[in-house]
Amino acid sequence: MPAKKIVNAIGRPRSEKARVAILKATMKLLEQTTLQDLTIQAIASESGVSKATIYRWWPSKASVVIDAFVEHHVVQTPVRRDVSPREALIKHMYALVHQYAGLPGRIVAQIIAAGQADAEVLREFRERFWYGRRAALRELFAEGQRIGEFKRGVDPEFIMDVLYAPIYFRLLWGHMPLDDALVEGLVANAMPLLDAP
């Protein structure tokens with residue numbers, strides 16, 4: 001039985017080739033401009049896809065940027081399953097810091113800034129990115145507890161906030177670098193809250 005095509009709200013099949021071209025074009029443009037200055041017209045010109053098609057699939061340029069970010073960022077900051085939960089968590093934090101020190105970090109900061117004036121942007125970013133990341137870490141913590149690597153009874157939501165908050169604080173304020181020393185500090189000072197005795 002042939003696979004069903006993905007169909008958008010008005011019944012027309014969504015072209016995967018066009019979708020990929022749009023997201024790649026968006027990331028390329030964000031190397032040279034900001035979310036605020038980015039336009040759907042520029043994305044259309046760069047991708048070779050019409051503005052009408054872009055608007056049919058995304059309600060706003062922020063939505064396009066969020067999808068482009070998620071598509072290109074998540075694969076660069078995996079929550080791995082081929083190593084121990086503790087090692088996977090540390091590797092994830094190193095990857096996150098390295099990514100956020102560059103273009104992906106600038107994009108995240110711009111999305112969060114846009115979300116201060118438009119609650120819908122933050123809602124979409126939480127749903128498309130943030131909640132998925134936290135769900136992956138909850139699974140990691142549960143596995144770590146199951147095998148005795150992490151303490152039982154620790155609130156995973158609190159631990160996630162403890163680990164992520166310094167990264168996002170430095171990203172948004174720029175008062176100190178996003179570098180390996182930050183992760184080393186988190187491992188030394190925050191991980192003991194999670195590590196089993």
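A crossing of two helices is left-handed if the near helix is turned anticlockwise from the far one by less than a right angle, and right-handed if clockwise. Keep that in mind for this predicted model, where local features need pLDDT of at least 70, side-chain atom pairs count only at pLDDT 80 or more, and totals for chains, interfaces and linings use all residues. Residues are numbered from 1 along each chain as its sequence is written, and side-chain values use heavy atoms, with hydrogens and water left out.

The confidence score pLDDT runs from 0 to 100 for each residue. Its mean over the protein is 93, and 93% of the residues reach 70 or more. Residues 1–11 have a pLDDT below 50, and beyond near neighbours in sequence this stretch has 9 contacts in the model (heavy atoms within 4.5 Å).

Now to a helix pair. Helices here are DSSP runs (H or I, at least four residues) numbered from the N terminus.

| Helix | Residues | Residues in the contact |
|---|---|---|
| α5 | 85–100 | Arg86, Ile90, Met93, Tyr94, Val97, His98 |
| α9 | 180–189 | Asp180, Leu182, Val183, Glu184, Leu186, Val187 |

The axes, lines fitted to C-alpha atoms over the stretch in contact, come within 9 Å and cross at roughly 150° on a scale from 0 to 180 degrees between N-to-C directions. Therefore α5 is roughly antiparallel to α9 (an angle over 145 degrees). Their crossing is right-handed.

Helix α5 also holds Gln99. This residue counts as buried because its relative accessibility is 18% (buried means under 20%, with a 1.4 Å probe and protein chains only). Leaving aside residues up to four places away in sequence, Gln99 touches His73, Gln76, Thr77, Pro104 and Gly105.

Notes. Helices (H or I, at least four residues) and strands (E, at least two) are DSSP runs, numbered from the N terminus. Angles under 35 degrees count as roughly parallel, over 145 as roughly antiparallel, 65 to 115 as roughly perpendicular and the rest as oblique. Buried means under 20% relative accessible area, exposed over 50%, partly exposed in between (1.4 Å probe, protein chains only). pLDDT is the predictor's confidence in each residue, from 0 to 100.
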